[in-house]
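Trainee: Could you take me on a close look at the place where the ligand sits? I'd like to know which residues surround it and how they meet it.

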Amino acid sequence: MISLRHIYKSFDTPAGTLAAVNNVSIEIEKGDIYGIIGFSGAGKSTLLRTINLLERPDSGTVIVDGKQLAELSKGQLRQERQSIGMIFQHFHLLNNLTVFDNVAFPLKIAGMNKAERRKGVEECLSILDIADKIDAYPAKLSGGQKQRVAIARSIANHPKVLLCDEPTSSVDPQTTGDILKHLAHINRRLGITIVIVTHEMDVVRAICNKVAVMEHGVIVEDFEMNNSNYVP
Ligand code: ADP
Ligand code: ADP
């Protein structure tokens, strides 16, 4: 589903050029819950962001669902990005919009009419067990509730892939478990391939079937997990 080949991404810093991602290749199969684990600054987030070209690699190839993203036109890339959802540590909800309008946002961009949007939003919120908050504003929600709304928004366009950047790093352990349960659920029920960047081994242990360990811009180890929660 996702092929990263010889990805290299550097940043110019006051101390010189920093190779945030240094010749990384990984293969992620359809249906995987793929973990990328490592300490802060290892390059995990930069690597994750190359998958939807939020970060353009200096060199290397990104192939998602058979398409080489760098070769697409602007319009095609916009289209392809709709099939790659993303969630973040700090949720990135729009605070001046209700839960309904947050989740409806990508559907509006995709050109759906009002009735279709209402149906799509209700479906996604009910999958995430948060339909009762449809009219609430984000400020009234707990961290875990916000992340469930963000996940609902990320799956509204029926993506093939969901990228998760430290999805549980700002919530407590109990809420972490709840969020991971929902991620495993959408992986199984909707067949969405999931990539999770985290510094927490517990996250990887809970739901990943494969994991890559990243240090100083390189993958130092990768292995399969025998994971009882994970049902392919
Ligand atoms: P991680 O997600 O593992 O914490 P990041 O991918 O965020 O690591 O960062 C890898 C390295 O690249 C870090 O040293 C970080 O400071 C640096 N970095 C990331 N983004 C930028 C940027 N836009 N400009 C300069 N340096 C960056
Ligand atoms: P979040 O916690 O929401 O994932 P981050 O704090 O990791 O966000 O990063 C926010 C933004 O800052 C990213 O776009 C990242 O590329 C950028 N960034 C990270 N490290 C640096 C850095 N050392 N210099 C400049 N930009 C950076």
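Mentor: Happy to! Start with Thr46: one of its polar side-chain atoms lies 2.6 Å from an oxygen atom of ligand 1. Do keep in mind that this is a predicted model. Lys44 also reaches the ligand through its side chain, with a polar atom 2.8 Å from an oxygen atom of ligand 1. Gly41 uses its backbone instead, placing an N or O atom 2.7 Å from a ligand oxygen. As for cover, ligand 1 on its own would expose 560 Å², and the protein buries 59% of that.

Now step back to the whole shell. Around ligand 1 you will find Phe11, Leu18, Ala20 and Phe39, together with the run Ser40, Gly41, Ala42, Gly43, Lys44, Ser45 and Thr46. Helix H1 gives the most, with 3 residues.

The largest nonpolar core has 44 residues, and Val103, Leu183, Ile186 and Ile194 touch the most other members. Apart from that core lies another, of 28 residues, which includes Ile2, Ile7, Ile26 and Val161. If you pick out Val103 and skip its neighbours within four places in sequence, its contacts are Val121, Cys124, Leu125, Val149, Ala152, Arg153 and Ala156. In soluble globular proteins, nonpolar side chains tend to be buried together.

Conventions:
Residues are numbered from 1 along each chain as its sequence is written. Chains are lettered from A and ligands numbered from 1 in the order in which they are written. This is a predicted model: local features need pLDDT of at least 70, side-chain atom pairs count only at pLDDT 80 or more; totals for chains, interfaces and linings use all residues. Side-chain values use heavy atoms; hydrogens and water are left out. A nonpolar core is a set of buried Ala, Val, Leu, Ile, Met, Phe, Trp, Tyr and Cys residues joined through side-chain atoms within 4.5 Å. Buried means under 20% relative accessible area, exposed over 50%, partly exposed in between (1.4 Å probe, protein chains only). Contact means heavy atoms within 4.5 Å. A residue is near a molecule or strand if one of its heavy atoms lies within 4 Å of it. A polar contact is a pair of N or O atoms within 3.5 Å; within protein, one must be able to donate a hydrogen and the other to accept it, and residues adjacent in sequence count only if both atoms are side-chain atoms. Accessible areas come from the Shrake-Rupley method with a 1.4 Å probe; for residues, only the protein chains shown count as cover. Helices (H or I, at least four residues) and strands (E, at least two) are DSSP runs, numbered from the N terminus.
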